[in-house]
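Visitor: I am new to this structure and would like a close look at a single part. Could you take me through the aromatic rings and then show me what surrounds them?

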Amino acid sequence: MRLRLKADGRIVELRDGQEFPLQPAGQGAPDEPGSLAVRELRRRASLTQMEFAARLGVPVETIRNWEQGKRAPRGPARALLAVIAHAPETVFQALAKD
């Protein structure tokens, strides 16, 4: 599978020279992860906020703010969450520090 990160944070799959938006299971638009979507992604991964933040390389306050709706993920963070929704183990393995 070939993926492309668009400037607006969307992720599309490239097939036969065409772009197809990725739509994670159980979500509407992959580029609009709201507070419940972020919390659900974290819970599906069976991670605490601290563990999720560490795996993503962001402060735990960022995760808390996303989950409480104080802030919304934007740009690369939104794109990363969309990929996590589609293939969490692959993303976490790629982000793991050796």
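Guide: Happy to. The count comes to 1 aromatic pair, where rings of Phe, Tyr and Trp (its six-membered ring) pair if their centres lie within 6.5 Å, and planes under 30 degrees apart count as stacked, over 60 as edge-to-face and the rest as tilted. The partners are F52 and F92: their ring centres are 6.2 Å apart and their planes stand at 80°, so this pair is edge-to-face. Because F52 lies in helix α2 (residues 49–56) and F92 in helix α5 (residues 88–95), the pair ties together parts that are 40 residues apart in sequence. Helices here are DSSP runs of H or I with at least four residues, strands are runs of E with at least two, and both are numbered from the N terminus.

Before going on, please note that this is a predicted model, in which local features need pLDDT of at least 70, side-chain atom pairs count only at pLDDT 80 or more, and totals for chains, interfaces and linings use all residues. Residues are numbered from 1 along each chain as its sequence is written, and side-chain values use heavy atoms, with hydrogens and water left out.

Back to the pair: F52 and F92 are both buried, where buried means under 20% relative accessible area, exposed over 50% and partly exposed in between, with a 1.4 Å probe and protein chains only.

β2 and strand β3 (residues 18–21) run antiparallel and are joined by 4 bridges; two strands pair if DSSP finds at least two bridges between them. Across this pairing, V12 stands opposite P21 in β3. The hairpin of β2 and β3 has 2 residues between the strands, and D16 takes a positive phi near 50° there.

Within strand β2 (residues 11–15) you will also find E13, a buried residue with a relative accessible area of 16%. Beyond its neighbours within four places in sequence, E13 is in contact with M1, R2, L3, Q18, E19, F20 and L22, contact meaning heavy atoms within 4.5 Å.

Finally, stepping back, the protein has 5 helices and 3 strands, in the order β-β-β-α-α-α-α-α along the sequence. Of its 98 residues, 36% count as buried.
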